[in-house]
Amino acid sequence: MPKIDYDRIQLAHGSGGLMMQRLIEQIFRSTFASKDEKHRHDAAVIDITAKRVAFTTDSYVVDPLFFPGGDIGTLAVNGTINDLAMAGAVAIAMSLSFIIEEGFLVSDLWKISCSIASAAQKANVSIVTGDTKVVDKGKGDGIFINSSGIGIVSSDKEILPSRIQEGDAIIVNGDIGRHGMAIMAVREGLNFESCIESDCAPLSFAVQKLITEGIDIHCLRDLTRGGLASALNEIADQAGLRIIINESDIPVQSEVSSACEILGLDPLYVANEGKFIAFIPQDQVDKALSIMKNFPDSQKASFVGVVERGSLPEVLLKSPLGSSRIITMLSGDQLP
């Protein structure tokens with residue numbers, strides 16, 4: 001970390017004056033500014049030759065800011081990349097805007113910036129523009145990050161819920177619930193025998209490999225807030241079809257399963273930051289799983305369910321005993 005005159009963020013760091021310029025230069029530009037950047041301007045100019053471009057935006061608030069497996073910076077980068085990946089797009093450029101509370105530790109801001117730079121480099125995406133604002137102490141929650149991302153759509157087919165068909169298979173790229181439980185463990189001061197780490201990771205590499213290998217992906221969805229259950233309910237409603245998943249086929253890490261049991265939570269509803277579901281033809285399941293298992297974050301990829309035509313759009317969970325129950329969308333936060 002470079003030598004900076006102040007330990008904590010002051011209101012003057014958001015005033016547009018010398019202090020703000022020095023903060024931007026010393027923290028942000030020194031960590032993730034594009035090396036071939038020629039101009040410092042109000043907008044970045046990007047050459048795009050593709051016919052189809054994907055665009056997304058998101059905002060990131062998390063408590064705590066730092067957790068096992070990542071921090072708010074890695075969330076902002078990977079979350080934006082993953083939203084683009086779900087449209088079959090490869091991220092090429094991102095913007096990041098920071099809303100920082102007065103009194104925030106500059107050393108923590110440096111750590112977050114370094115995490116952003118590392119995540120962006122890993123995903124081969126450039127941070128091309130951004131903004132910084134500082135709010136009065138007590139009017140923020142440390143730091144908020146807003147992001148936008150642009151990506152090139154590589155697939156010539158639409159990847160949408162409307163393309164889902166009766167008989168489609170549903171595959172998930174790995175075990176669920178780790179991110180939400182990692183956050184909860186730190187937030188509530190819970191000490192488990194084994195540390196639960198967030199699954200925060202970019203998904204574009206696995207998705208693009210599926211596309212280039214000829215897998216006919218009908219729909220993709222990343223399993224963030226609300227987890228697997230909420231994502232499936234959203235898709236069932238949009239597609240107007242019934243989704244049946246097998247409980248015994250859904251991968252859940254033993255530590256996550258134990259923690260959820262202790263707290264009275266259902267891992268199906270726990271947030272993820274490196275997991276997605278794909279709807280594909282059943283005859284391509286084996287090939288798709290073989291492809292996905294070549295990626296470190298998808299080695300536990302599994303075939304978890306199928307799509308059927310029903311009288312109502314709904315999600316059914318089959319237990320190992322053969323019984324079924326309806327999985328609904330929660331009206332709010334999951335309660336123990």
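How closely do the axes of helix H2 (residues 72-85) and helix H3 come, and at what angle do they cross? They come within 7 Å and cross at roughly 30 degrees. Angles under 35 degrees count as roughly parallel, so H2 is roughly parallel to H3. This is a predicted model. The points below cover two open sheets, one of four strands and one of seven strands. They also cover the helix pairs and some backbone details.

**The four-strand sheet**

- Four strands form an open sheet in the order S1-S6-S4-S5, and the pairing is mixed.
- Strand S1 (53-60) and strand S5 are the edge strands, and each pairs on one side only.
- From one strand to the next, the twist averages 15 degrees.
- Helix H1 packs on this sheet and touches S4 and S5. The direction of H1 makes about 145 degrees with that of S5.
- Strand S4 (residues 89-101) runs parallel to S5 (residues 126-135), with nine bridges between the two.
- Ala93 stands opposite Ser126 in S5. Ile100 stands opposite Val134 in S5.
- As background, strands of a sheet pair through backbone hydrogen bonds, either parallel or antiparallel.

- Two packed helices are described by the angle between their axes and the distance between the axes.
- H2 and H3 cross in the right-handed sense.
- On the H2 side, the contact uses Ile72, Gly73, Thr74, Val77, Asn78 and Ile81. On the H3 side, it uses Ile112, Ser115, Ile116, Ala119, Ala120 and Ala123.
- By class, the H2 contact with H3 has eight nonpolar, four polar and no charged residues.
- H1 (residues 18-32) also meets H3: their axes come within 8 Å and cross at roughly 25 degrees. H1 and H3 are therefore roughly parallel to each other.
- The H1 and H3 crossing is right-handed.
- H1 brings Leu23, Gln26, Ile27, Phe28, Ser30, Thr31 and Phe32 to this contact. H3 brings Val106, Leu109, Trp110, Ser113, Cys114, Ile116 and Ala117.
- The contact of H1 with H3 divides into 10 nonpolar, four polar and no charged residues.
- Ile116 of H3 takes part in the contact with H1 and in the contact with H2.

**The seven-strand sheet**

- This open sheet has the order S8-S10-S7-S11-S9-S12-S13, with mixed pairing.
- Its edge strands are S8 (219-222) and S13 (324-326), each of which pairs on one side only.
- The twist here averages 25 degrees from one strand to the next.
- S7 (residues 169-172) and S10 (residues 276-280) run antiparallel and are joined by four bridges.
- Within these two strands, Ile171 stands opposite Ala278 in S10.
- Helix H8 (residues 285-292) lies across S7, S10 and S11 (302-308). H8 runs at about 10 degrees to S7.

**The H4 and H7 pair**

- The axes of H4 (residues 178-187) and H7 (residues 254-263) come within 10 Å. They cross at roughly 55 degrees.
- H4 and H7 are therefore oblique to each other.
- H4 passes H7 in a left-handed crossing.
- Arg178, Met181 and Met184 supply the H4 side of the contact. Val256, Ala259, Cys260 and Leu263 supply the H7 side.
- By class, this contact has six nonpolar residues, no polar residues and one charged residue.

**Backbone details**

- Most residues other than glycine have a negative phi, and most peptide bonds are trans.
- The peptide bond from Asp63 to Pro64 is cis, and its omega is near 5 degrees.
- Pro64 sits in the loop between S1 and strand S2 (66-67).
- Asn124 is not a glycine, yet its phi is positive, at about 60 degrees.
- Asn124 lies in the loop between H3 and S5.

How values were computed:
Residues are numbered from 1 along each chain as its sequence is written. This is a predicted model: local features need pLDDT of at least 70, side-chain atom pairs count only at pLDDT 80 or more; totals for chains, interfaces and linings use all residues. Side-chain values use heavy atoms; hydrogens and water are left out. Axes are lines fitted to C-alpha atoms, for helices over the stretch in contact, and angles run from 0 to 180 degrees between N-to-C directions. Angles under 35 degrees count as roughly parallel, over 145 as roughly antiparallel, 65 to 115 as roughly perpendicular and the rest as oblique. A crossing is left-handed if the near helix is turned anticlockwise from the far one by less than a right angle, and right-handed if clockwise. Contact means heavy atoms within 4.5 Å. Ala, Val, Leu, Ile, Met, Phe, Trp, Tyr, Cys and Pro count as nonpolar, Asp, Glu, Lys and Arg as charged, and the others, Gly among them, as polar. Two strands pair if DSSP finds at least two bridges between them.
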